[in-house]
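Here is a friendly walk through the structure you are about to see. Keep the viewer open and click along as you read.

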Amino acid sequence: MNKGQFRRTFKTGLLTGLHYIPSILLYTLIFLITAGILVSLGRRLLSHDSSLGTIKIGYSIEDNSSQTEFALNIVTGMDSFRESAELIEYESREAGIDALNRGDIACLVYVPLGFIDELFGGAEEARGMDVIFRDEKTMEGHLINDLLQSGANILGTAQGAYFALHFTNASLQIPEETAESLENSLDMRNLTYVLTRTEHFTYENFEVLSEFSIRQKLIASGLILMMFLSVFVMAYIYKCQHPVMRLRMLSSGLGTAGCFTAEMLSAAVFIYGIYIISLTAVFIAAPPVSVKAFFLAIPVVLAAAFVITLFIYIFKSPVTAGLSTLIFTLIMMYLAGGLIPTEFLPSFLQKASVLNPFTYLIRFMLTILWR
(Lines give C-alpha, C1' and ligand atoms only; values in the text may rest on other atoms or scores of the structure.)
Protein backbone atom coordinates (compact mmCIF):
# COMPACT_ATOMS: atom_id res chain seq x y z
CA MET A 1 0.00 0.00 0.00
CA ASN A 2 1.26 3.50 -0.86
CA LYS A 3 1.35 5.08 2.62
CA GLY A 4 1.78 8.61 1.30
CA GLN A 5 -1.23 8.26 -1.01
CA PHE A 6 -3.21 6.65 1.85
CA ARG A 7 -2.55 9.68 4.06
CA ARG A 8 -3.51 12.05 1.25
CA THR A 9 -6.77 10.14 0.62
CA PHE A 10 -7.57 10.17 4.34
CA LYS A 11 -6.82 13.90 4.48
CA THR A 12 -8.97 14.50 1.39
CA GLY A 13 -11.88 12.76 3.12
CA LEU A 14 -11.47 14.93 6.19
CA LEU A 15 -11.23 18.16 4.18
CA THR A 16 -14.25 17.16 2.09
CA GLY A 17 -16.19 16.47 5.26
CA LEU A 18 -15.46 19.95 6.56
CA HIS A 19 -17.64 21.35 3.77
CA TYR A 20 -20.53 19.29 5.18
CA ILE A 21 -20.13 20.39 8.81
CA PRO A 22 -23.37 22.48 8.67
CA SER A 23 -25.26 19.45 7.32
CA ILE A 24 -23.71 17.20 9.97
CA LEU A 25 -24.69 19.60 12.76
CA LEU A 26 -28.19 19.97 11.31
CA TYR A 27 -28.59 16.18 11.13
CA THR A 28 -27.47 15.83 14.75
CA LEU A 29 -29.82 18.59 15.89
CA ILE A 30 -32.80 17.08 14.05
CA PHE A 31 -32.02 13.65 15.49
CA LEU A 32 -31.80 14.98 19.06
CA ILE A 33 -35.01 17.00 18.73
CA THR A 34 -36.86 14.00 17.27
CA ALA A 35 -35.53 11.68 19.96
CA GLY A 36 -36.51 14.18 22.66
CA ILE A 37 -40.05 14.42 21.31
CA LEU A 38 -40.37 10.62 21.14
CA VAL A 39 -39.10 10.23 24.70
CA SER A 40 -41.53 12.90 25.90
CA LEU A 41 -44.46 11.27 24.10
CA GLY A 42 -43.30 7.88 25.36
CA ARG A 43 -43.45 9.03 28.96
CA ARG A 44 -46.99 10.26 28.49
CA LEU A 45 -47.91 7.00 26.78
CA LEU A 46 -46.39 4.90 29.58
CA SER A 47 -48.41 6.78 32.21
CA HIS A 48 -51.71 6.63 30.30
CA ASP A 49 -54.56 4.46 31.54
CA SER A 50 -54.56 2.26 28.45
CA SER A 51 -50.85 1.47 28.46
CA LEU A 52 -48.52 -1.01 30.11
CA GLY A 53 -46.51 1.59 32.01
CA THR A 54 -45.88 2.28 35.68
CA ILE A 55 -49.05 1.49 37.61
CA LYS A 56 -50.11 3.28 40.79
CA ILE A 57 -51.46 0.77 43.29
CA GLY A 58 -52.97 1.86 46.59
CA TYR A 59 -52.85 -0.28 49.70
CA SER A 60 -54.13 -0.18 53.25
CA ILE A 61 -52.89 -2.65 55.86
CA GLU A 62 -54.60 -3.05 59.24
CA ASP A 63 -52.33 -5.92 60.26
CA ASN A 64 -49.11 -4.09 61.17
CA SER A 65 -47.23 -7.27 62.06
CA SER A 66 -43.50 -7.62 61.47
CA GLN A 67 -44.18 -10.36 58.90
CA THR A 68 -46.44 -8.09 56.85
CA GLU A 69 -43.93 -5.25 56.96
CA PHE A 70 -41.12 -7.58 55.98
CA ALA A 71 -43.03 -9.00 53.01
CA LEU A 72 -43.92 -5.48 51.84
CA ASN A 73 -40.28 -4.38 52.00
CA ILE A 74 -39.12 -7.38 49.97
CA VAL A 75 -41.70 -6.81 47.23
CA THR A 76 -41.11 -3.07 46.90
CA GLY A 77 -37.36 -3.65 46.80
CA MET A 78 -37.48 -5.85 43.71
CA ASP A 79 -36.18 -4.17 40.53
CA SER A 80 -38.97 -5.68 38.41
CA PHE A 81 -41.62 -4.26 40.76
CA ARG A 82 -40.06 -0.79 40.79
CA GLU A 83 -40.12 -0.82 36.98
CA SER A 84 -43.83 -1.66 36.75
CA ALA A 85 -45.63 -0.39 39.86
CA GLU A 86 -45.74 2.42 42.39
CA LEU A 87 -47.25 1.66 45.80
CA ILE A 88 -49.19 4.37 47.65
CA GLU A 89 -50.21 3.77 51.26
CA TYR A 90 -53.58 4.92 52.67
CA GLU A 91 -54.59 5.07 56.31
CA SER A 92 -57.83 3.20 55.81
CA ARG A 93 -59.88 1.27 53.30
CA GLU A 94 -62.24 4.25 52.92
CA ALA A 95 -59.38 6.65 52.08
CA GLY A 96 -58.11 4.20 49.48
CA ILE A 97 -61.54 3.84 47.89
CA ASP A 98 -61.86 7.63 47.67
CA ALA A 99 -58.51 7.76 45.84
CA LEU A 100 -59.68 4.95 43.57
CA ASN A 101 -62.87 6.82 42.69
CA ARG A 102 -60.85 9.97 41.90
CA GLY A 103 -58.69 7.98 39.51
CA ASP A 104 -55.48 8.49 41.52
CA ILE A 105 -54.76 4.75 41.59
CA ALA A 106 -55.57 1.78 39.37
CA CYS A 107 -56.60 -0.53 42.21
CA LEU A 108 -56.69 -0.79 45.99
CA VAL A 109 -55.26 -3.72 47.95
CA TYR A 110 -56.78 -3.97 51.43
CA VAL A 111 -55.20 -6.32 54.00
CA PRO A 112 -57.47 -6.74 57.04
CA LEU A 113 -56.50 -7.48 60.61
CA GLY A 114 -55.84 -11.19 61.08
CA PHE A 115 -54.83 -11.87 57.48
CA ILE A 116 -51.40 -13.12 58.47
CA ASP A 117 -53.02 -15.68 60.76
CA GLU A 118 -53.94 -17.70 57.68
CA LEU A 119 -50.27 -18.50 57.27
CA PHE A 120 -49.61 -19.24 60.92
CA GLY A 121 -52.06 -21.85 62.05
CA GLY A 122 -55.16 -21.15 59.96
CA ALA A 123 -57.18 -19.24 62.54
CA GLU A 124 -60.92 -19.37 61.91
CA GLU A 125 -61.29 -15.59 62.13
CA ALA A 126 -58.59 -15.00 59.51
CA ARG A 127 -59.80 -13.04 56.46
CA GLY A 128 -58.57 -12.78 52.90
CA MET A 129 -57.36 -9.53 51.43
CA ASP A 130 -59.54 -7.46 49.09
CA VAL A 131 -58.49 -6.15 45.68
CA ILE A 132 -60.79 -3.40 44.38
CA PHE A 133 -60.60 -2.09 40.79
CA ARG A 134 -62.08 0.90 39.05
CA ASP A 135 -65.09 0.23 36.87
CA GLU A 136 -63.41 0.79 33.50
CA LYS A 137 -61.41 -2.04 31.97
CA THR A 138 -57.82 -1.09 31.15
CA MET A 139 -54.55 -2.77 30.29
CA GLU A 140 -53.44 -1.86 33.79
CA GLY A 141 -56.13 -4.09 35.22
CA HIS A 142 -54.89 -7.06 33.19
CA LEU A 143 -51.31 -6.45 34.30
CA ILE A 144 -52.35 -6.18 37.97
CA ASN A 145 -54.39 -9.38 37.65
CA ASP A 146 -51.31 -11.21 36.36
CA LEU A 147 -49.21 -9.73 39.16
CA LEU A 148 -51.71 -10.76 41.85
CA GLN A 149 -52.17 -14.20 40.31
CA SER A 150 -48.42 -14.80 40.58
CA GLY A 151 -48.40 -13.46 44.14
CA ALA A 152 -51.37 -15.64 45.08
CA ASN A 153 -49.56 -18.74 43.80
CA ILE A 154 -46.52 -17.91 45.92
CA LEU A 155 -48.67 -17.19 48.98
CA GLY A 156 -50.62 -20.38 48.40
CA THR A 157 -47.42 -22.44 48.38
CA ALA A 158 -46.24 -20.86 51.63
CA GLN A 159 -49.69 -21.20 53.19
CA GLY A 160 -49.82 -24.88 52.26
CA ALA A 161 -46.46 -25.48 53.92
CA TYR A 162 -47.61 -23.86 57.17
CA PHE A 163 -50.97 -25.67 57.12
CA ALA A 164 -49.22 -29.02 56.59
CA LEU A 165 -46.80 -28.34 59.42
CA HIS A 166 -49.57 -27.17 61.77
CA PHE A 167 -51.74 -30.19 60.92
CA THR A 168 -48.82 -32.61 61.43
CA ASN A 169 -47.95 -31.07 64.78
CA ALA A 170 -51.55 -31.36 65.94
CA SER A 171 -52.01 -34.94 64.62
CA LEU A 172 -48.83 -36.25 66.22
CA GLN A 173 -49.47 -34.29 69.43
CA ILE A 174 -46.01 -32.79 69.28
CA PRO A 175 -45.16 -30.74 72.38
CA GLU A 176 -45.83 -27.03 72.05
CA GLU A 177 -42.18 -26.03 72.42
CA THR A 178 -41.10 -28.48 69.71
CA ALA A 179 -43.90 -27.34 67.39
CA GLU A 180 -42.88 -23.72 67.89
CA SER A 181 -39.28 -24.64 67.12
CA LEU A 182 -40.34 -26.37 63.91
CA GLU A 183 -42.40 -23.36 62.81
CA ASN A 184 -39.51 -21.03 63.54
CA SER A 185 -37.25 -23.29 61.52
CA LEU A 186 -39.69 -23.08 58.58
CA ASP A 187 -39.72 -19.30 58.93
CA MET A 188 -35.94 -19.17 58.75
CA ARG A 189 -35.82 -21.50 55.75
CA ASN A 190 -38.32 -19.33 53.89
CA LEU A 191 -36.45 -16.18 54.85
CA THR A 192 -33.12 -17.67 53.78
CA TYR A 193 -34.57 -18.71 50.42
CA VAL A 194 -36.02 -15.25 49.77
CA LEU A 195 -32.80 -13.45 50.67
CA THR A 196 -30.62 -15.81 48.63
CA ARG A 197 -33.01 -16.57 45.78
CA THR A 198 -30.53 -15.37 43.12
CA GLU A 199 -28.19 -18.18 44.14
CA HIS A 200 -30.76 -20.78 43.08
CA PHE A 201 -30.55 -19.86 39.40
CA THR A 202 -27.79 -20.06 36.81
CA TYR A 203 -27.40 -16.97 34.63
CA GLU A 204 -25.39 -18.57 31.87
CA ASN A 205 -28.05 -17.93 29.23
CA PHE A 206 -29.69 -15.03 31.02
CA GLU A 207 -30.65 -12.09 28.79
CA VAL A 208 -28.11 -9.40 29.65
CA LEU A 209 -30.38 -6.62 28.36
CA SER A 210 -32.85 -7.32 31.17
CA GLU A 211 -30.36 -5.86 33.64
CA PHE A 212 -31.15 -2.41 32.24
CA SER A 213 -34.34 -0.37 32.23
CA ILE A 214 -36.41 0.29 29.12
CA ARG A 215 -35.26 3.93 29.09
CA GLN A 216 -31.59 2.88 29.13
CA LYS A 217 -32.10 0.40 26.29
CA LEU A 218 -33.83 3.01 24.14
CA ILE A 219 -31.07 5.57 24.76
CA ALA A 220 -28.35 3.05 23.85
CA SER A 221 -30.25 1.92 20.76
CA GLY A 222 -30.89 5.53 19.76
CA LEU A 223 -27.18 6.38 19.88
CA ILE A 224 -26.37 3.37 17.70
CA LEU A 225 -29.10 4.30 15.23
CA MET A 226 -27.83 7.87 15.14
CA MET A 227 -24.33 6.67 14.18
CA PHE A 228 -25.50 4.28 11.46
CA LEU A 229 -28.10 6.62 9.98
CA SER A 230 -25.53 9.37 9.62
CA VAL A 231 -24.99 7.67 6.25
CA PHE A 232 -27.40 10.22 4.79
CA VAL A 233 -24.76 12.89 5.48
CA MET A 234 -21.58 10.82 5.29
CA ALA A 235 -22.38 9.44 1.85
CA TYR A 236 -21.53 12.76 0.20
CA ILE A 237 -18.01 12.81 1.69
CA TYR A 238 -16.86 9.79 -0.32
CA LYS A 239 -14.95 10.76 -3.45
CA CYS A 240 -13.24 7.51 -4.46
CA GLN A 241 -16.50 6.39 -6.08
CA HIS A 242 -16.07 8.99 -8.81
CA PRO A 243 -14.61 7.18 -11.89
CA VAL A 244 -11.86 9.77 -12.45
CA MET A 245 -10.83 9.75 -8.77
CA ARG A 246 -10.89 5.95 -8.73
CA LEU A 247 -8.53 5.73 -11.73
CA ARG A 248 -6.21 8.28 -10.11
CA MET A 249 -6.07 6.28 -6.86
CA LEU A 250 -5.41 3.00 -8.66
CA SER A 251 -2.69 4.53 -10.84
CA SER A 252 -0.96 5.96 -7.77
CA GLY A 253 -0.71 2.50 -6.23
CA LEU A 254 -3.52 2.79 -3.71
CA GLY A 255 -5.87 -0.13 -4.33
CA THR A 256 -9.53 -0.58 -3.51
CA ALA A 257 -8.75 -1.80 0.01
CA GLY A 258 -6.65 1.28 0.69
CA CYS A 259 -9.35 3.64 -0.62
CA PHE A 260 -11.95 1.81 1.44
CA THR A 261 -9.91 2.03 4.65
CA ALA A 262 -8.95 5.68 4.20
CA GLU A 263 -12.52 6.79 3.53
CA MET A 264 -13.90 4.62 6.33
CA LEU A 265 -11.52 6.22 8.85
CA SER A 266 -12.25 9.75 7.64
CA ALA A 267 -16.02 9.09 7.97
CA ALA A 268 -15.43 7.58 11.44
CA VAL A 269 -13.95 10.90 12.61
CA PHE A 270 -17.17 12.77 11.74
CA ILE A 271 -19.41 9.99 13.11
CA TYR A 272 -17.48 10.17 16.36
CA GLY A 273 -18.10 13.93 16.44
CA ILE A 274 -21.84 13.33 16.00
CA TYR A 275 -21.72 10.77 18.81
CA ILE A 276 -19.91 13.16 21.18
CA ILE A 277 -22.50 15.91 20.59
CA SER A 278 -25.41 13.49 21.09
CA LEU A 279 -23.89 11.86 24.17
CA THR A 280 -23.30 15.29 25.70
CA ALA A 281 -27.03 15.99 25.32
CA VAL A 282 -27.84 12.62 26.93
CA PHE A 283 -25.32 13.30 29.70
CA ILE A 284 -27.13 16.53 30.53
CA ALA A 285 -30.71 15.29 30.08
CA ALA A 286 -30.52 11.73 31.44
CA PRO A 287 -27.84 11.40 34.12
CA PRO A 288 -26.05 9.46 35.44
CA VAL A 289 -24.15 8.40 32.31
CA SER A 290 -20.58 7.17 32.65
CA VAL A 291 -17.97 9.70 31.50
CA LYS A 292 -16.00 6.77 30.08
CA ALA A 293 -18.68 6.40 27.42
CA PHE A 294 -17.22 9.43 25.64
CA PHE A 295 -14.08 7.42 24.85
CA LEU A 296 -15.09 3.75 24.86
CA ALA A 297 -17.61 3.88 21.99
CA ILE A 298 -14.92 3.92 19.31
CA PRO A 299 -15.58 0.24 18.33
CA VAL A 300 -19.24 1.09 17.65
CA VAL A 301 -18.16 4.18 15.66
CA LEU A 302 -15.82 2.05 13.55
CA ALA A 303 -18.58 -0.56 13.02
CA ALA A 304 -20.93 2.16 11.79
CA ALA A 305 -18.25 3.64 9.53
CA PHE A 306 -17.48 0.18 8.11
CA VAL A 307 -21.14 -0.59 7.29
CA ILE A 308 -21.70 2.86 5.77
CA THR A 309 -18.56 2.61 3.62
CA LEU A 310 -19.45 -0.93 2.55
CA PHE A 311 -22.92 0.12 1.36
CA ILE A 312 -21.47 3.16 -0.43
CA TYR A 313 -19.01 0.94 -2.29
CA ILE A 314 -21.72 -1.57 -3.17
CA PHE A 315 -24.48 0.81 -4.30
CA LYS A 316 -22.40 3.83 -5.47
CA SER A 317 -25.36 6.24 -5.26
CA PRO A 318 -25.56 8.14 -1.92
CA VAL A 319 -29.36 7.94 -1.89
CA THR A 320 -29.49 4.19 -2.59
CA ALA A 321 -26.73 3.54 -0.07
CA GLY A 322 -28.55 5.63 2.54
CA LEU A 323 -31.87 3.84 2.10
CA SER A 324 -30.16 0.44 2.07
CA THR A 325 -28.28 1.24 5.29
CA LEU A 326 -31.53 2.46 6.87
CA ILE A 327 -33.40 -0.76 6.03
CA PHE A 328 -30.46 -2.95 7.10
CA THR A 329 -29.96 -1.12 10.40
CA LEU A 330 -33.65 -1.11 11.37
CA ILE A 331 -34.03 -4.84 10.66
CA MET A 332 -30.88 -5.74 12.58
CA MET A 333 -31.84 -3.50 15.51
CA TYR A 334 -35.34 -5.00 15.58
CA LEU A 335 -34.01 -8.56 15.65
CA ALA A 336 -31.47 -7.63 18.35
CA GLY A 337 -34.12 -6.28 20.73
CA GLY A 338 -33.07 -2.66 20.32
CA LEU A 339 -36.51 -1.42 19.26
CA ILE A 340 -38.75 -3.88 21.12
CA PRO A 341 -37.87 -6.54 23.73
CA THR A 342 -36.73 -9.83 22.20
CA GLU A 343 -39.33 -11.57 24.41
CA PHE A 344 -42.00 -10.31 21.99
CA LEU A 345 -40.33 -12.07 19.04
CA PRO A 346 -41.04 -15.66 17.91
CA SER A 347 -38.81 -18.22 19.62
CA PHE A 348 -36.72 -18.94 16.51
CA LEU A 349 -35.93 -15.23 16.13
CA GLN A 350 -35.01 -15.02 19.82
CA LYS A 351 -32.49 -17.82 19.25
CA ALA A 352 -31.20 -16.11 16.10
CA SER A 353 -30.45 -12.93 18.07
CA VAL A 354 -27.39 -14.73 19.46
CA LEU A 355 -25.90 -14.60 15.95
CA ASN A 356 -26.86 -10.96 15.39
CA PRO A 357 -23.84 -8.62 15.78
CA PHE A 358 -26.17 -5.76 16.73
CA THR A 359 -27.13 -7.69 19.88
CA TYR A 360 -23.56 -7.29 21.08
CA LEU A 361 -23.34 -3.68 19.93
CA ILE A 362 -26.35 -2.85 22.11
CA ARG A 363 -24.94 -4.76 25.08
CA PHE A 364 -21.57 -3.06 24.66
CA MET A 365 -23.20 0.39 24.48
CA LEU A 366 -25.30 -0.31 27.59
CA THR A 367 -22.20 -1.47 29.45
CA ILE A 368 -20.10 1.62 28.69
CA LEU A 369 -22.99 4.00 29.38
CA TRP A 370 -24.10 2.69 32.79
CA ARG A 371 -21.31 0.58 34.27
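What follows is a short tour by topic, from the overall make-up to individual residues.

Please bear in mind that this is a predicted model. The protein has 371 residues, of which 36% are buried. Its secondary structure amounts to 16 helices and four strands. If you look at contacts with a sequence separation of 6 or more, 73% of them link residues 24 or more positions apart.

**The sheet**

- The four strands form an open sheet in the order S2-S1-S3-S4, and the pairing is mixed.
- Strand S2 (85–89) and strand S4 (130–133) are the edge strands; each has a single partner strand, so one side of each has no neighbour in the sheet.
- On average, and ignoring direction, neighbouring strands here are turned by 25° against each other.
- Helix H5 (residues 93–102) packs on this sheet, where it touches S1, strand S3 (107–111) and S4. The direction of H5 makes about 170° with that of S3.

**Strand S1 and its partners**

- Strand S1 covers residues 55–61 and pairs with S2 in the parallel sense, over five bridges.
- S1 and S3 also run parallel, and five bridges join them.
- Ile57 has Leu87 as its bridge partner in S2.
- S1 is mostly covered, with six of its seven residues buried.

- The largest nonpolar core contains 56 residues. Those with the most contacts inside this core are Ile224, Met227, Met234, Tyr275, Leu279, Met365 and Leu369.
- Several helices each supply at least two residues of this core, among them helix H2 (21–46), helix H9 (231–234), helix H12 (293–296) and helix H14 (318–335).
- Helix H11 (256–285) is another of these suppliers, and the largest share of the core, twelve residues, comes from H11.
- Leu369 shows how such a residue is surrounded: leaving out residues up to four places away in sequence, Leu369 touches Ala220, Leu223, Leu279, Pro288, Val289, Ser290 and Ala293.
- A second, separate core has ten residues, including Tyr59, Ile61, Ala85 and Val109.

**How helix H16 packs**

- Helix H16 spans 357–370, and helix H8 spans residues 214–228.
- The axes of H8 and H16 come within 9 Å and cross at roughly 115°. H8 passes H16 in a right-handed crossing.
- On the H8 side, the contact is made by Gln216, Lys217, Ile219, Ala220, Ser221, Leu223, Ile224, Met227 and Phe228. On the H16 side, the contact is made by Phe358, Leu361, Ile362, Met365, Leu366, Leu369 and Trp370.
- H16 also packs with helix H13 (298–315). The angle between H13 and H16 is about 150°, with their axes 10 Å apart, and their crossing is left-handed.
- In this pair, Pro299, Val300 and Ala303 of H13 meet Leu361, Phe364 and Met365 of H16.

**A closer look at Gln216**

- Is Gln216 buried or exposed? Gln216 counts as buried, because its relative accessibility is 14% and the cut-off for buried is under 20%.
- Gln216 lies in H8. Setting aside neighbours within four places in sequence, Gln216 is in contact with Leu366 and Trp370.

**The salt bridge**

- How many salt bridges are counted? The count comes to one salt bridge.
- Arg102 forms a salt bridge with Asp104, and the closest N and O atoms are 2.9 Å apart.
- In general, side chains of opposite charge can pair when their charged atoms come close.
- Arg102 counts as exposed, because its relative accessibility is 56%, and exposed means over 50%.
- Asp104 is partly exposed, with a relative accessible area of 36%.

Key
Residues numbered from 1 in each chain as written. Predicted model: local features only at pLDDT ≥ 70, side-chain atom pairs only at ≥ 80, totals over all residues. Heavy atoms only, no water. Pairing = 2+ DSSP bridges. Axes fitted to C-alpha atoms, helices over the stretch in contact; angles between N-to-C directions. Contact = heavy atoms within 4.5 Å. Buried < 20%, exposed > 50% of the residue type's maximum accessible area, 1.4 Å probe, protein only. Core = buried A, V, L, I, M, F, W, Y, C linked by side-chain atoms within 4.5 Å. Salt bridge = Lys/Arg side-chain N within 4 Å of Asp/Glu carboxyl O. Left-handed = near helix turned anticlockwise from the far one by under 90°.
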